[in-house]
Amino acid sequence: MSDGRMDGAPLERARPDGPVAPDPLRALDVVERKAVAAFESDAWLSRAALADEPAISGELAGYKLVRVVARDLRRTVYEAVDERTGQRVAVRRAARRGGDSPTNPADPASSATRAARATTPPRHPLVAAVIAVVDLDDVRLVISEWIHGEPIDHWSDLVRSMQDPRTAVVKIGQTLAQTARAVAAARAAGAMRGKLAPSRILVQADGTPRLIGSGPIEPEEPREARAGEAHADVVALGLLAYRVFTGRNPVDSSQAIETDTPSIRVIEPDFSDIDRRRLPRSVARVVRHALASDASRRQVDASTLADRLEQALGGGGAADRALEAIDAARGFARRRRTASVAVLLVILATTIALVVAALSDSGGVAR
Amino acid sequence: MSVPSTQLTLLARLQNPKDEAAWKRFESRYRELLVRFCMRHGLQPTDAEDVAQSSFTALLNAMPAFRLDPAKGRFRDYLFRVVRSEISRVRSKDLRPTGAARTLSISEDSVGETSPHRDTGVDPSQTAFEQEWINHHFRIAMAKVRRTFAPESVAIFERLMRGDPVAAIATDSGMSEQAVHKIKQRVRDRMKSFVEQQIAEEG
């Protein structure tokens, strides 16, 4: 690893008064002028085409790499094609620990290149299948089924914008319940790992979610990549639910949907100003329980959360329906004040008339 | 040219190694540039990723103690030196043959102190980096164009980029050639403005 020293680098030691702003009006240098000058002729189009060419080429353990689809500080995911079968796959490449180091010599068997192993977890229709695991020197490749779909957050944004609120709630809720079942299945198979980011749930054209990025957990993998507790899935799904129902991020993105922390402190998101049509009370209650600060109030696992969500989508109990009706009446009153007052007056007048009539009738009978 | 703030703020924030959001943003903005530069030097994609990663680690270590001095160079010069240093380090380490994942084939004229082109005063490695840097800004500008223009205009831009003649595009899209030219000009002007702004912001 470099020590970070850059000989001749155009940076100096910081002065006590902090960083100095570069002057935006400074003259362009030769390279910058070249970049801008391209726009003086049609050269800009060929430069754009050149810049737009795919970044990667080559192969990895028999898989022809097509493009990078995701990457973070520890791993990169490629779209690739299996050169033997022509099948499109996702290749996740991550550094392995415990490999070739003086203090922890590599296991000869695992450091042998291209040692494909059949350690794939049991298949579940909602979890993208892991096809193979390949160990190279100090990296591990997890080859998975390629899924065509839209990340669930983008998909839900689209659904909310195109469907009426009630239909959108049902559609999103059903997909979310299926997602919870997929998470439960991955957890049961010991294949749940890392953060349950929205980008890991791809919704296919028919609305079916598929969980990607799961796979066998190996002892030498970093702690962050290992499975968290089952109850952590509930919190992650609660945060996800808040996001997909409301379109709002429940917490700062850096701490959202973290499933690898043994004891989770949850900052309950604000439900007060959410349109009840977007998040009906019965559904909100499920989400609120999933995100409760008090862990004992949360659903015990993802499967239970799925059950509760489906139940809530069915309309919940009588109390829920009554509260929904009150909410609807309040909403109407806020939107149409004059009409509401008129309706109230009519109801009041009718009630008074009925009472007076009833009293008259009873007086007549008494006489 | 407007006074930039975004990138400056980002660079200032990078002085705090604990500002994870700033580092993530910085990494997502520059990783592809570094990876492409490494691959231009013959590194396999996976090795290029590793070099990019170690470059970010080097930057993480170096940034808190340094400040950008525009009088001494651009931010891209700094980036170049970092990645060149990392490629040299990997190259020297990987002179020993190992497994498939470590197969590197950096060309002789790539980087490092032993480059035969050094005596001529023209560093081909730096030239390559500068070309990649221009491409990098074009890519960012194109992404903005794709996000902000109407899909029909973007489709026309894509075809122009592929080299399709204006007349054919006009016929296929039911427009006049003049309209296609107008869209081309609008995209060009916007992209130019994006590139200028990005360069100014970068410092």
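How many helices and strands does chain A have? Chain A has 10 helices and 11 strands, where helices (H or I, at least four residues) and strands (E, at least two) are DSSP runs numbered from the N terminus. This is a predicted model, in which local features need pLDDT of at least 70 and side-chain atom pairs count only at pLDDT 80 or more, while totals for chains, interfaces and linings use all residues. Residues are numbered from 1 along each chain as its sequence is written, chains are lettered from A and ligands numbered from 1 in the order in which they are written, and side-chain values use heavy atoms, with hydrogens and water left out.

**Chain A overall**
- Of the 367 residues in chain A, 43% are buried (under 20% relative accessible area, with exposed over 50% and partly exposed in between; 1.4 Å probe, protein chains only).
- In chain A, 58% of the contacts between residues at least 6 apart in sequence join residues at least 24 apart; a contact means heavy atoms within 4.5 Å.

**Helix packing in chain A**
- Helix H4 (residues 152–162) and helix H6 (residues 230–246) of chain A pack at about 35°, their axes 8 Å apart; axes are lines fitted to C-alpha atoms, for helices over the stretch in contact, and angles run from 0 to 180 degrees between N-to-C directions.
- H4(A) contributes Ile152(A), Asp153(A), Ser156(A), Asp157(A) and Arg160(A) to the contact, and H6(A) contributes Leu240(A), Arg243(A), Val244(A), Phe245(A) and Thr246(A).
- By class, four nonpolar, two polar and four charged residues form the contact of H4(A) with H6(A) (Ala, Val, Leu, Ile, Met, Phe, Trp, Tyr, Cys and Pro count as nonpolar, Asp, Glu, Lys and Arg as charged, and the others, Gly among them, as polar).

**Chain B overall**
- Chain B contains eight helices and one strand, in the sequence order α-α-α-β-α-α-α-α-α.
- Buried residues account for 52% of the 203 residues of chain B.
- Among chain B contacts between residues at least 6 apart in sequence, 63% link residues at least 24 apart.
- Chain B exposes about 8,900 Å², with 51% supplied by carbon and sulfur atoms.

**Arg31(B)**
- Arg31(B) lies in helix H2 (residues 20–40) of chain B and counts as buried because its relative accessibility is 3%.
- The side chains of Arg31(B) and Glu49(B) make a polar contact (3.1 Å), that is, a pair of N or O atoms within 3.5 Å; within protein, one must be able to donate a hydrogen and the other to accept it, and residues adjacent in sequence count only if both atoms are side-chain atoms.
- Arg31(B) and Ala48(B) are 17 residues apart along the chain, and their C-alpha atoms are separated by 9.9 Å.

Methods:
Accessible areas come from the Shrake-Rupley method with a 1.4 Å probe; for residues, only the protein chains shown count as cover.
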